[in-house]
Amino acid sequence: MSLDTKQAPPAPTKPQLSHARDLSRPGFYVKLVLMALVNAFGVYGIMASWAQGEYWVLAALAALLVVANYVYFSKRAIPAKYLLPGLAFLLVYQLYVMGNTAYVAFTNYGDGHNDAKGPAITQILKTSDRRVEGTPTHPVAVLEQNGQLGFAIVDDGVVKAGTAEQPLAEVAGAASDNNRVTEVPGATILTISEIQQRQADVLGLRVSVSDNPDDGWLRTDNGSTAYTAKSLLDYDEAADTFTNAEGKVYKADPKQGLYVAEDGSSLNPGWRVFVGVDNFTRMFTDSRLQGPFLSVMAWTFAFAILSVLTTFALGLALAVIFNDPRVKGRTFYRAMFILPYAFPGFLAALVWKGMLNRDFGIINNMLLGGADINWLGDGDLAKISILLVNLWLGFPYMFLICTGALQAIPGELTEAGVMDGAGPMRRFWSITLPLLMVSVAPLLIASFAFNFNNFSLIYMLTGGGPNYPGLPIIMGETDILISMVYSVAFESGVKQYGLASAMSIMIFFIVGFISWLGFRQTRKLEEIM
C-alpha cells in the first residue's frame with residue numbers, strides 16, 4: 001500500500017492593487033474629488049494667464065498640473081505624493097518671488113514705467129489728445145463691466161459699447177431711448193451720482209472708436225455727451241518717433257525707456273527696460289541720497305546690534321537672578337516678565353507711541369511732571385525711544401532662552417569652581433557664560449536678523465521719522481533699510497519698484513553674510529568647548 005504524498009498547488013493569489021487605482025477604497029474617491037478641484041483651479045489659472053499674456057505662468061501651471069496628475073494617479077511615485085505640495089509652494093512663494101525680485105531689480109519698473117513699449121505708445125497718444133473739429137457729439141452712457149468703466153453710444157441706430165482696453169463694438173440685446181443707451185447686457189449703467197463719485201476716472205477714460213488708432217477715441221467732459229478726439233502728437237512707426245504740432249521730435253531712448261527730445265524734455269509714460277546695475281549703484285552715487293542712505297545703513301546696524309545686546313544683557317541678568325533658589329516667588333516673577341512677550345508687537349508699539357506723545361503722553365504729563373520732551377520728533381531721542389521700547393518688547397524672549405540654557409548647565413561644574421576657590425563673578429565669566437553661549441549663540445544670530453528687518457516696530461512707533469528734508473524719496477532718521485524699502489516702493493509719491501527690489505537684495509546679502517559669519521564663529525566656540 002502506498003501513500004499519495006503529492007500536495008495540491010497553492011491557489012493563485014489576486015495581485016494587490018495600488019492605492020492609486022483601487023476603486024474599492026473610499027479614499028480613492030476623496031482623492032478623485034480633490035484632484036478634480038485642483039485641476040479646475042489649474043485650468044482657470046491657465047485661462048487667466050492666457051488672457052493676460054503671462055505665458056511663463058501658463059507654462060508653469062500646465063507643467064505643474066501634468067506632474068500632479070501623474071504623481072497622484074501613478075503607483076510609481078509614492079514618495080512624490082508627500083513632497084509635491086511642499087515643492088509646489090516652494091516654487092510659487094519662494095523661487096518665483098525671488099526670481100521676480102531679482103528681475104525687477106535690474107529694470108526701471110515703477111511709476112511711469114509700468115508696462116511694455118506698445119501700451120506706453122498708446123497711452124502717450126491718448127493723454128495728448130484734443131477734440132477733432134467737425135465730429136458729432138454723441139449722448140453717452142457710462143457703464144461698468146467686469147470692474148472696468150466704458151462708454152456706450154448709439155451710432156446710426158446701432159448700440160456700440162467699449163472700454164479702455166476694448167474698442168467700440170456692436171452689442172447684441174442692448175436697448176436705447178432717444179439715442180441714449182438704457183441697457184447693456186452684462187454691464188451696469190452708472191447714474192449721475194455714481195458718475196460724480198468716480199469723476200476723475202470717467203474724465204480720464206478713453207475708448208477707441210475702432211482698432212485703428214488713426215480713427216481716434218471717445219472721451220467726455222461731463223459724463224452725458226462724448227466726442228471724438230485724437231492725439232496732438234504724430235507717431236511715426238518706421239522712425240519710432242513722436243512729433244508735436246510745433247515740429248518737436250521725440251526719439252525713443254531704449255536706455256531710459258522714454259521718448260526724449262533734443263532739449264531733454266520727454267513724454268510720459270515710458271516703458272520697462274533693462275538698466276543693469278544702476279539701481280544697485282544709485283544709492284552710493286546719487287549725491288542727494290548718498291548721505292542719508294549711509295546714515296540709514298549705519299543706524300540699521302546700530303539698531304540691530306544694540307537691540308540684541310541690550311535685550312540679551314537684561315534677559316541674562318534676570319535669568320541668573322531668578323535661577324537662584326534663594327529667591328522667593330520665582331514662578332510669579334517669571335510669569336510677570338513674560339507678559340510683554342505675550343502682547344502683539346505692533347500693538348505694543350502703538351501703545352508706546354501714545355505714551356511717548358509730546359503733548360498728551362503719560363511719560364511727559366505724569367511721570368516727568370509735564371516736561372516738554374519731543375521723544376519721537378527729535379532724531380536722537382526717537383532712536384533712544386526705539387531702543388528702549390524694543391528692550392521692553394525683547395527682553396522676555398532672552399529671559400526665557402537664558403533660563404532654559406542655565407538650567408541645562410551641569411551643577412557639578414559650578415561645584416568644581418567653588419572647590420577651586422573661584423568667586424561668583426569668576427565662575428560666571430569662566431564657566432556659566434561660555435557654556436551658555438554655545439546654546440544661545442544661534443538664537444542671538446536669529447535675533448539679529450529679525451531686528452535687522454524689524455519693520456513693524458519702526459513703522460508703528462515713528463514711521464521712520466523725523467524725515468530728512470529735500471530728498472527725492474521719503475527717508476527718515478529712524479528708518480532702517482527695510483522700512484526705507486517700503487517707503488521707496490509705496491510711500492514716496494513716485495513708486496520705484498526696481499530701486500526697492502535692488503535694496504531688498506542688498507539686505508538679503510548683508511543678513512546672509514552676517515549670519516554665515518556668526519554661525520562660523522559659533523562652530524569654533526563649540527569646538528573649543
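**Entry 1**

I began with helix 17, which gives the most to the lining of the largest cavity, with 4 residues. I noted how helices are set: DSSP runs of H or I with at least four residues, while strands are runs of E with at least two, both numbered from the N terminus. This is a predicted model, and local features need pLDDT of at least 70, side-chain atom pairs count only at pLDDT 80 or more, and totals for chains, interfaces and linings use all residues. Residues are numbered from 1 along each chain as its sequence is written, and side-chain values use heavy atoms, with hydrogens and water left out.

How many cavities of 30 Å³ or more does the structure hold? I found 1, and the largest cavity has a volume of about 40 Å³. Helix 8 (287-322) and helix 17 are the elements that give two or more residues to the lining of the largest cavity. I listed its lining residues as Phe293, Met297, Leu481, Met503, Met506, Ile507 and Ile510. By class I counted 7 nonpolar, no polar and no charged residues there.

My note on terms: on a 1 Å grid over the protein atoms alone, a cavity is a set of points where a 1.4 Å probe fits but cannot get out, a pocket is an open set with protein on both sides within 12 Å along at least five of seven lines, and lining residues have an atom within 4 Å of a point. Points are joined across faces, edges and corners, and a volume is the space filled by probe spheres set on them. For classes, Ala, Val, Leu, Ile, Met, Phe, Trp, Tyr, Cys and Pro count as nonpolar, Asp, Glu, Lys and Arg as charged, and the others, Gly among them, as polar.

**Entry 2: an open space**

Next I looked up the largest pocket, which holds about 860 Å³ of space. Helix 1 (26-52), helix 2 (55-72) and helix 3 are the elements that give two or more residues to its lining. Helix 3 gives the most, with 8 residues. The lining has 23 residues, and Glu54, Trp56, Val57, Tyr96 and Asn100 lie nearest the centre of the pocket. I sorted the lining into 15 nonpolar, 3 polar and 5 charged residues.

**Entry 3: a surface patch**

Which helices each supply at least two residues of the nonpolar patch? I noted helix 3 (78-105) and helix 17 (497-528). The largest share, 9 residues, comes from helix 3. Among the patch members are Leu83, Leu87, Tyr93, Phe508 and Phe509, and the patch has about 1200 Å² of accessible area together. I checked that leucine 87 lies in helix 3.

**Entry 4: a salt bridge**

I searched the whole structure and found 8 salt bridges (a side-chain nitrogen of Lys or Arg within 4 Å of a carboxyl oxygen of Asp or Glu). In one of them, the side chains of glutamate 144 and arginine 198 meet at 3.4 Å, N to O. Glutamate 144 lies in strand 3 (residues 141-145) and arginine 198 in the loop between helix 5 (192-197) and helix 6 (199-203), so the pair ties together parts that are 54 residues apart in sequence.

**Entry 5: the backbone**

The peptide bond from asparagine 268 to proline 269 is cis, with omega near 0°. I placed proline 269 in the loop between strand 17 (266-267) and helix 7 (278-285). A cis peptide bond also joins glycine 465 and proline 466, and proline 466 lies in the loop between helix 15 (455-461) and helix 16 (481-491). Aspartate 156 is not a glycine, yet I read a positive phi of about 55° for it.

Technical notes. Patches are made of residues with over 30% relative accessible area and no salt bridge: like charges are joined within 9 Å, nonpolar side chains (Val, Leu, Ile, Met, Phe, Trp, Tyr) within 5 Å. Accessible areas come from the Shrake-Rupley method with a 1.4 Å probe; for residues, only the protein chains shown count as cover.
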